[in-house]
Amino acid sequence: MCEHTFVRWDNLTITAEEQAALPGYREPAVVRHFDAPEALDTRFYEVRAKSALNRVPERSRMPFRWTINPYRGCSHSCLYCFARPTHTYLGFDAGRDFEREIVVKVNVPEVLRVELARSSWKGEHVAMGTNTDPYQWVEGRYKLMRGIWEALRDAANPCSVLTKSPLLLRDLDLMREIAAVTAISANLSVPAVDEKARRASEPHTPNPRARLEAVAELNRAGIPTGVLVAPLMPGINDDPRQVQEILEAATEAGATGISGIALHLRGEVRGIFMEWLRSYRPDLVERYEELYARSAYAPRAEQERLHALVRGAPMRPPSAFRRDPRRDYGPMGPTRASPSPSAHPQPPAGPQQASLF
């Protein structure tokens, strides 16, 4: 097993400022700033993680049991991101702190190698991008995902990734190497192609057109890649003509799956989203208060209406890709054991959503 240097300080313009204690981490974090316009107001907390693989609770509806999250907090600043409340476990708030106080687990690739090599590890599917985006801005500096992909490749461990960034194309060489030895899939989240809606609700994400171009390039390279139109927000990005534009572009890009999921507002996200809505679309406030009066989820009828916007979208049969014949491939990678693989994964039937949203 080869040795790797996962963080190369010579290509970073940063200065150590201070140390800070974060709950759950034994050693104090080194707090750094990057001398870059996109990160001038952001602090990055370098920590050493005790584990890389995170077990998904059995009660979860997610179609996988293990995840890897090299970062906590996310500079994409998506107003609806339901990973926001997890930042409160670190003593931060779910609002601005989630976007500007980013935790970087600098040793994740090394720890992952150790965990994948354990005799107790059964080679289960590992999903990335289920909490915060592993290809957010700071990944361009720390390059942790390259070490993670290398570890998964060397262990021939099945995996998938969900992201809003075409930065993952940087690692296409490693993804192809993984595809040669095991199952791998990707999904790009594209909630809207309308620039006004995109800039308002997810202000620091890459251009949606660039994401769709990444879908096409990944599929051409033999990496099964789909599109997740999520979250679908009533009155904001659910215009059938705009959704159809995404579906057509995704189909042209060879998307192996197209799914849509309704917005849900859990915990602190509700207050953050509603505060934003009052300034961005005050005319929709009453409607949202009614839709989410009793639950974090929209009523079943509204969910079905939103799901129907993408239901039946044409998809490229993934027969040309390397697959595990025992598994179906859904919007987040393999779902569950099945006697025959499905070439047309369906949108989730109930209130289910990937944590990136």
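1. A residue counts as buried when its relative accessible area is under 20%. By that cut-off, 59% of the 357 residues in the protein chain are buried. The model is a predicted one, and the points below should be read with that in mind.

2. Confidence first. The protein chain has an average pLDDT of 84, and 82% of the residues score at least 70. Residues 1-14 fall below 50, and this stretch has 32 contacts in the model beyond near neighbours in sequence. Residues 317-357 also stay under 50; there the model has 121 contacts beyond four places in sequence. Where pLDDT is low, the predicted coordinates should not be read in detail.

3. Overall make-up. The protein chain contains 11 helices and 14 strands. Among its contacts with a separation of 6 or more, 74% are between residues 24 or more positions apart.

4. The largest nonpolar core has 53 residues. Which of them touch the most other members? They are Leu-112, Met-128, Trp-149, Leu-152, Leu-168, Met-175 and Val-227. A separate core of 28 residues lies apart from this one; Ile-236, Ile-272, Tyr-288 and Tyr-292 are among its members.

5. Met-128 deserves a look. Leaving out residues up to four places away in sequence, Met-128 touches Ile-68, Met-145, Ile-148, Trp-149, Leu-152, Cys-159, Ser-160, Val-161 and Leu-162. Of these partners, Trp-149 and Leu-152 are also listed with Met-128 among the core residues that touch the most other members.

6. His-125 sits in the loop between helix H2 (108-116) and strand E8 (126-128).

7. Cysteines. The whole structure has 0 disulfides. For Cys-74, the nearest cysteine sulfur is that of Cys-78, 6.2 Å away. A disulfide needs the two sulfur atoms within 2.5 Å, so Cys-74 is in none. Cys-81 is likewise in no disulfide, and its nearest cysteine sulfur, again that of Cys-78, is 6.2 Å away. Cys-74 is buried, at 4% relative accessible area. Cys-81 counts as buried too, because its relative accessibility is 4%.

How values were computed. Residues numbered from 1 in each chain as written. Predicted model: local features only at pLDDT ≥ 70, side-chain atom pairs only at ≥ 80, totals over all residues. Heavy atoms only, no water. pLDDT = per-residue confidence, 0-100. Contact = heavy atoms within 4.5 Å. Buried < 20%, exposed > 50% of the residue type's maximum accessible area, 1.4 Å probe, protein only. Core = buried A, V, L, I, M, F, W, Y, C linked by side-chain atoms within 4.5 Å. Helix = DSSP H or I, 4+ residues; strand = E, 2+ residues; numbered from the N terminus.
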